[in-house]
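Please examine the sequence and the structure before reading on.

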Amino acid sequence: MALASDAQEPVVVHGQVKWFDPSKGFGFVIADEGGADILLHANVLRNFGQSSVADGSRIEITVQSTDRGRQAVSVLSIEPPADGGLHQLEEFAEGLVDPEDVGPVEPARVKWFDKAKGFGFANVFGRPEDVFIHVEVLRRSGLADLQPGEAISLRAAQGKRGFMAVSVSAWDAAIHEKE
């Protein structure tokens, strides 16, 4: 008697994040080719080095069909939502931060972040001052939330009230930029 296997090999899928809720620990992706929504679990995202992803972000994932539907098994890449960018930040538009003064990508650790308040702070390794992180910068960077103690990479610029993040990314971005 031969055993039949319903397990399918994972396939690479390109799509867009429909929504992701870090407090629930999951969200869904809409595949470019259509079909049922794809479950994106927080553990899969953490394996990629992020604890959240912004709604509307472009995402490349490997997907496996299960008896409960399609599920992401790994994240290959994430691109922030197309409607954002450094040039649109209010701080640049209002002249509070000079785009020429934006520093390199640096490793940092989240001190605290309150999504409801819309901001938080991080500490860049080797610098005594905190770096302000606005929730809109997170969204434009493809993230939705940050957890205290989370390792990240950021680019900051001196603003009128201190250093401000202008982009935030996975913790290993600083390593890859130096290569």
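## The largest cavity

By class, four nonpolar, three polar and one charged residues make up the lining of the largest cavity. Here Ala, Val, Leu, Ile, Met, Phe, Trp, Tyr, Cys and Pro are nonpolar, Asp, Glu, Lys and Arg are charged, and the others, Gly among them, are polar. The lining consists of G49, Q50, L143, E150, A151, I152, S169 and A170. Two elements, β9 (151-159) and β10 (162-170), each give two or more residues to this lining; strands are DSSP runs of E with at least two residues, numbered from the N terminus.

A cavity is a set of points on a 1 Å grid over the protein atoms alone where a 1.4 Å probe fits but cannot get out, and lining residues have an atom within 4 Å of a point. The largest cavity holds about 30 Å³ of space, a volume being the space filled by probe spheres set on the points.

## Basis of the model

The model is predicted: local features need pLDDT of at least 70, side-chain atom pairs count only at pLDDT 80 or more, and totals for chains, interfaces and linings use all residues. Residues are numbered from 1 along each chain as its sequence is written, and side-chain values use heavy atoms, without hydrogens and water.

## Aromatic rings

The structure contains eight aromatic pairs (ring centres of Phe, Tyr or Trp, the last by its six-membered ring, within 6.5 Å; planes under 30 degrees apart are stacked, over 60 edge-to-face, the rest tilted). F26 and F28 pair edge-to-face, at 6.0 Å centre to centre and 85 degrees between the planes. One aromatic cluster is formed by W112, F119, F121 and F132.

Technical notes
1 Å grid on protein atoms, 1.4 Å probe; cavity = no way out; pocket = protein on both sides within 12 Å on 5 of 7 lines; lining within 4 Å. Helix = DSSP H or I, 4+ residues; strand = E, 2+ residues; numbered from the N terminus.
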